[in-house]
Amino acid sequence: MLQMPETVHLPERDRPWMMRTYAGHSDAERSNELYRRNLEKGQTGLSVAFDLPTQTGYDPDHELARGEVGKVGVSIAHEGDMRALVKGIPLDQMNTSMTINATAAWLLALYIVAAENQDPPIRESDLQGTTQNDILKEYLSRGTYAFPPAPSMRLIADTIAYTVKNVPKWNPINICSYHLQEAGATPVQEIAYAMSNAVAVLDAVRERVPDDLMGSVFGRISFFVNAGVRFVEEHAKLRAMSQLWDELGQRRYGVRDDKHRRFRYGVQVNSLGLTEAQPENNVYRIALEALAVTLGRDVRARAVQLPAWNEALGLPRPWDQQWSLRLQQVLAYETDLLEYPDIFEGSHVMEGLVAELVAGAREEMARVAELGGAVQAVDYMKSALVDSHRERWRRIESGELTVVGMNRFQSTEPSPLTADADGGILVVDPAVEAQQQAALERWRAQRDQAAVDSALAELGRVARDDAENIMPATIAAARAGATTGEWSQTLRDVFGEYRAPTGVGEAAAVSGADLAELRDEVERLSDALGRRLKFLVGKPGLDGHSNGAEQIAVRARDAGMDVVYEGIRLTPSQIASSAAQEGVHVIGLSILSGSHAELIPSVLEALADAGVENVPVVVGGIIPAADAAALRQAGVAAVYTPKDWDLNAMMRDIIGLVRERHDVDTAAPA
Amino acid sequence: MSAGSADGRELGERLRAGDLSAAAAVLNLVENRGDAARGQTEALLAAVSPAALGQEAPGQIVGVTGPPGVGKSSLLSRLVAAWRARDRSVAVLAVDPSSRRSGGSLLGDRARIERDPSDLGVFIRSTAAGDRLGGLAPATRAAATALACAFDVVVIETVGVGQSETEVADVADAVAVVVQPGSGDVLQFLKSGIMEIPDVLVVTKADLGPIAMRALADLRAALRSLGSDQTAVVAVSSISPPAGIDELIEALDVHQSQLDLGARRARSRRLHALADYAAEHGDRGLRALGGRREAERWLESRNPGRDVAALRHDLEQRALR
């Protein structure tokens, strides 16, 4: 009798992962409209992008909010904004991911109150979604922190303790390895630092919930990972994380229920590897990266959001985002991906790769533990990331690492995709800032001020009492009509402010033939100037993406310059005052959030006010060509964008600019 | 061709008139190694010398030093705020020890000091340590001397232990050594004499409670056993809510009021002149003076009011005999 082989197909095709698009801009009304359109297109969950003032706890009328209102996301200043954001979207049927960290407790409270105010009212126990709520990676990479580490960890622990009891379907935290990779992490570092971060969070929560709840707490912790274009290794990385997470649950926290120990994650694939040169190639990169997180069934992503092909050029338009959503839909609905069990089962290669990553990660986790855990080890991890990023950059510059269209195969036909009048990007209406400020005025005028005052006073009291949970007082303040800035300022008054380490001071010095030449040039120019060439690297505004500025600072140091780098979130007047006091010869400003058009002229003005003369200013960032021309018109000496990847060439430019301004001749001796 | 063409005498006059906005130009000048600039620096120092002022420059020069990572910058941030609250102007000269293998350096210390950029009463300048790790930048002595005639407080911040406080003591009116609880090496350095006894010992992280208090007691005991009751020992906490900052300022003020300022500043000028001389003429130059100690002794015989350039000139003349 003929034996039929056992089928390798699943009895039933798997349900696809949740499909989201990281979206939001301008104000709540415009973003709500965008969300509804996206849902009509087959998107199955929401992913809210907030603007930087909302993320860092400032109202739209705060000095630091200038140029940033509604820029990289939607501005949410109070409960009315949140209600408008989710209007017509029944929240008991929606799964909403909020990329919000320092102010996560506040935005969650606004969401809970907005749900109460929907018609019909939705109870908090019916809400589903996630708050990113991961502060350590803000210190390490993303930069939207507001408070020092200890109180920040408390806020995280409080939101977890609160949601486990009251919003049981909510994922209160996404441990983010995503931004570590963006900051240059190797796969081993990405795994190790994310796991160490999770340990720090769980240890903090353990002190604030009863023991019998730890299983559920562990089960509510999810991850937000990255996937680069090396998609085989990236897939192995996820398997390694899954294995370590399971072990951690069993051994460190005694979690018995297998379901609670399952490694659950959402993903946004890599932005670091997306290029400005020949940007259409990014579509392929994104597709391959999407495979990394969906190929193997055992570690398939729960939720996926893909970047748009033109992210290195500026903010993506709705059409660009639709194109990325369609990629997910083709993968899920047209291919046979969801018809099989785990396709890597029994693969020696995959097993070996996973074992390598696990071993490396264990070693690195032990190092972090030795330093006293992830909170204590922020300085160490930060400088390790700066070093890794620098190594990556060195490999790109030397050609060891190929980036198609950027450092290899550069010749290209003109792209019809970027030929449009708008340059292929979304431009946020600059009137949004003033509109939001006026709307905020109206909100403040119509609310019961006494109720707000007493709610904030109560919030301050709770903040001072470490034993209490911050959430009830936060929800009460949201109901009373307090604003994002008021909630944050109340906590800043109690907790203090914080500046994260820059990681650049510890970065090891490197050398090379190219650098030796640069150093000679710097020496000659310094001799002519009388003192060493001094370079201020500044990050104006709220943009926390400091990876580029850090690499510039380290390279300038390695080229022999004295470099003043103060980290992120500086006002124009702070930059001007530093430039004046430090007596720098040249200034480099970095902005990736798109607020260069507002902020750079302000810095130039402040420099003039501070009497800084004859000091060339160069600017780097995601800057469309039209804007670059306007900046040069305003007095900027040079503009650099992601296509300027040769840092030594940039250094030579900078040296040349100073030489020109001081009219000195430092040609190399023949 | 050199950018160091600022007028030293004019800068000195601005400082004497209390013009704090001259500080950046003063630093640009004293850091300049060009020949023209060196002459102007001498003119600047002459314009702010006791002879020109009729007294020692009135500002308080405070050295703040200690091992890396003990919280010096956070402490400084609190100190600056507290001095400003007392309406005293502050200049901070942060000497950064960062790597100079490439010749370059990363100067990040000013970031840790919170300040209002519109407040001219706070001036912060970062300088690379030069070739000597943890040592004073060559220009720091001149800068401190000059700024002390316009600013109420001049802070020199350096990193290290065992060497740096000695060098800072050559310039500053008071040296505060900052340590954190549990740093037994400082105790050892004190006992073994590797480290000179500072004017003020600061123990950070007082929020740690018992550990900080034990460190305080240990240091006091060590100082007693060395026969030094003069050194104040203060515990501070720089995180919110801050503690001990007022006590530290008080201890520094008490030290200043009990100090023979003329003698200390005259010594500082002698050592400054000798350092400049040694940098220029090297070991051979020192041998011509009968060695460093002999040169110091001879300088003590000179008029204590002489400024640095005059003293250096004296040394050069003597070496020619």
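Predicted model: local features only at pLDDT ≥ 70, side-chain atom pairs only at ≥ 80, totals over all residues.

Trainee: Where in chain B is confidence lowest, and where is it highest?

Mentor: Helix 8 (residues 184-192) of chain B is lowest, at a mean of 75, and helix 1 (residues 8-16) of chain B is highest, at 97. That's pLDDT, the predictor's confidence in each residue, from 0 to 100. Helices here are DSSP runs (H or I, at least four residues), as are strands (E, at least two), numbered from the N terminus.

Trainee: What's the mean pLDDT of chain B?

Mentor: The mean is 88, and 93% of the residues of chain B reach 70 or more. The model scores ipTM 0.93 and pTM 0.90.

Trainee: How many helices and strands in chain B?

Mentor: Chain B has 13 helices and 8 strands. Its C-alpha atoms fill a box of roughly 60 × 45 × 45 Å along the principal axes.

Trainee: And what share of chain B is buried?

Mentor: Buried residues are 52% of the 321; buried means 20 or more other C-beta atoms within 10 Å of the residue's own, with C-beta atoms placed from the backbone.

Trainee: How is chain B divided into domains?

Mentor: Into domain 1 (1-54), domain 2 (57-259) and domain 3 (263-320), with bounds from an automatic or database domain assignment. In chain B, 6 residues of domain 1 are in contact with 4 residues of domain 3, contact being C-beta atoms, placed from the backbone, within 7 Å.

Trainee: Which helix gives the most to that side of domain 1 of chain B?

Mentor: Helix 3 of chain B, with 3 residues.

Trainee: Switching to chain A, what are its domains?

Mentor: Chain A has domain 1 (18-407) and domain 2 (513-662). The contact between them takes 32 residues from domain 1 of chain A and 26 residues from domain 2 of chain A.

Trainee: Which helix of chain A gives the most on the domain 1 side?

Mentor: Helix 14 of chain A, with 6 residues.

Technical notes: Residues numbered from 1 in each chain as written. Chains lettered and ligands numbered in written order. Contact = placed C-beta atoms within 7 Å. Buried ≥ 20, exposed ≤ 12 C-beta atoms within 10 Å, placed from the backbone.
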